[in-house]
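Subject: The structure we talked about

Hi there,

Here is the structure I promised to hand over. Please open it beside this email and follow along as you read.

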Amino acid sequence: MATLITGSVAVDHIMAFNGRFQDIILPDKIHMLNVAFHVPTLRKTFGGCAANIAYSLKRLGGDPLVAATVGSDFSSYANWLDEHGIRRDYIRELSGEATAGAFITTDSDDNQIIGFHSGAMDRAHEVSLSDIDEEISLGIVSPNGKQAMLEYARELKQQGVHTVIDPGQGLPQFSGDELIQLVDGADTYIVNSYEWELTLERSGLTEREIKSRVKNTIVTLGEEGARADQGDGEILIPSVEPDCVVDPTGCGDSFRAGYLFGIENGLSFQECLQLGSVMGSFMVEKDGTQTIEVGTKGIRQRYEKTFGSLNL
C-alpha cells in the first residue's frame, strides 16, 4: 500500500560559507542588516521536502506516492524521478509557473540561512486527495502551500488515514488557531527543536496541551538525536554516527522517511524513530538531498550495529 507524501518539490541551490554567520552578523545592527557571504561552492540539486522524503523512502524499499505541483521547467526533474522509480501520478505541472526553488547557505557551524521561492507550490491545493484513486493508510503533510497543508491535514484525518504533520519551514505562515487545527487529531507531530519552541509560542499552548491533542510528538535535535513522546513519557533516541559529515541538508527529511517506513511495516514507535536516526546518518554523509546510495542491506547493517536486531 502506498504512502502519500504531500509537500514541496523544488530545485535546491546549495552554497557553503567557509565562516560563521555570527562573526558577520552584528547583533546590535540586526535592524539594518545588509551583509554578503562569499560562497566558494554552489550546487544545483533536486530537492523539496516531499521529493526528498520520497527518495529516501524508496531507498528503504517503500512505495512513496507524491502529491505536488510543479512548473513548466520540470522536465529534467521528472526524468530524475523516473530514473529512481518514484511515481509522478499526482505531480501536476502548471503552465506559466516555475518549480519552487530553495537557496540555502550553510556556515561552518552547520547553521543555515534559506531563501525560498514558492512558485507552483502555492497552488498545491489544486491537487486534491479526491484525485487519488489508490488506497492510502499513511500520509504526511510536509512544508507546502498553506491552503494545501490545511486541506490535506483535514482530509487525511477525516478519512482515518494515519496522519503525520511536519510543518517545517512552513510553520511561520500559520496563525495560532491554524496551527492548532493542524495538530488536532493527528497521529504524529514532528518538528525540530526551534520549530517546537515556535509551535508553543505561536499556538499559546503548553507542551502538555500540545501533546494532549496528538498521539505522538517528535522533536529532532540534530547531532543530539531526537526526543519523542507517545503519551507515556519522553524517550530519547541518539543520533547514529555517520562515517563522515559532509552536509546536514536533507537530514530531517531522511529521518522522516525512516519513521514512515517503520510505520508502514508495523515497527514499534521506538524502532521507527531509530530507523529515522539511521537514515539521517546516511544523509549527512552526502552533498545534496537525494543522494543516498546505500540499499536495504546497508541500512539494516547500520541499524543492527547501532540498535540491535530489526524486526523486518
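Let's begin with a pair of helices: H9 and H10 cross in the right-handed sense. Keep in mind as you look that this is a predicted model.

**Helices H9 and H10**

Helix H9 covers residues 269-283 and helix H10 covers residues 296-307; their axes come within 10 Å and cross at roughly 115°. Which residues meet there? On the H9 side you will find Glu-271, Gln-274, Leu-275, Val-278, Met-279, Ser-281 and Phe-282, and on the H10 side Gly-298, Ile-299, Arg-302, Tyr-303 and Phe-307. Sorted by class, this contact of H9 with H10 has seven nonpolar, three polar and two charged residues.

How long should H9 be? Its 15 residues should span 21 Å at 1.5 Å a residue, and the end C-alpha atoms of H9 are 22 Å apart, which agrees. H9 is also largely enclosed by the rest of the structure, because 14 of its 15 residues are buried.

**Helix H4 and its surroundings**

Next, please find helix H4, residues 146-158. H4 has 13 residues and reaches 19 Å from its first C-alpha to its last, close to the 18 Å expected at 1.5 Å a residue. Which residues of H4 are buried? They are Ala-148, Met-149, Leu-150, Tyr-152, Ala-153, Glu-155 and Leu-156. After H4 comes Gly-160, which has a positive phi near 75°.

The packing of H4 on H5 deserves a look of its own. The two helices pack at an angle of about 35°, with their axes 9 Å apart, and H4 passes H5 in a left-handed crossing. From H4, the residues Lys-146, Met-149, Leu-150, Ala-153, Arg-154 and Lys-157 meet Glu-178, Gln-181, Leu-182 and Val-183 from H5. The residues of this contact divide into five nonpolar, one polar and four charged.

Now turn to the strands. Strands of a sheet pair through backbone hydrogen bonds, either parallel or antiparallel. In this model, an open sheet of nine strands has mixed pairing and runs in the order E5-E4-E1-E8-E9-E10-E11-E12-E13. Its edge strands are E5 (87-94) and E13 (234-237), each of which pairs on one side only. On average, neighbouring strands of this sheet are turned by 20° against each other, direction ignored.

Is E4 mostly covered or mostly exposed? Mostly covered: eight of its eight residues are buried. Both faces of E4 are covered, with Pro-64, Val-66, Ala-68 and Val-70 on one side and Leu-65, Ala-67, Thr-69 and Gly-71 on the other. E1 and E4 run parallel and are joined by four bridges; Ile-5 has Val-66 in E4 as its bridge partner. E4 and E5 run parallel too, joined by six bridges, and here Gly-71 has Leu-94 in E5 as its bridge partner.

For an antiparallel pair in this part of the model, look at E11 (residues 216-220) and E12 (residues 226-229), which pair over four bridges. Within E12, Ala-226 is the bridge partner of Thr-220.

Strand E6 (residues 100-106) is mostly covered, with six of its seven residues buried. Strand E2 (residues 10-16) pairs with E6 in the parallel sense over seven bridges, and Met-15 stands opposite Thr-105 in E6. E6 also pairs with strand E7 (residues 112-117), in the antiparallel sense and over six bridges. There, Gly-101 stands opposite His-117 in E7. The hairpin of E6 and E7 has five residues between the strands, and Asp-110 in this hairpin takes a positive phi near 70°.

**One last residue**

Finally, look for Ser-76, which lies in helix H3 (residues 75-83). Why does Ser-76 count as partly exposed? Its relative accessibility is 41%, and the cut-offs are under 20% for buried and over 50% for exposed. Ser-76 and Leu-150 are 74 residues apart in sequence and 30 Å apart in space, C-alpha to C-alpha.

Enjoy exploring, and write back with any questions!

Best wishes

How values were computed: Residues numbered from 1 in each chain as written. Predicted model: local features only at pLDDT ≥ 70, side-chain atom pairs only at ≥ 80, totals over all residues. Heavy atoms only, no water. Expected span 1.5 Å × (residues − 1). Buried < 20%, exposed > 50% of the residue type's maximum accessible area, 1.4 Å probe, protein only. Pairing = 2+ DSSP bridges. Axes fitted to C-alpha atoms, helices over the stretch in contact; angles between N-to-C directions. Left-handed = near helix turned anticlockwise from the far one by under 90°. Contact = heavy atoms within 4.5 Å. Nonpolar A, V, L, I, M, F, W, Y, C, P; charged D, E, K, R; others polar.
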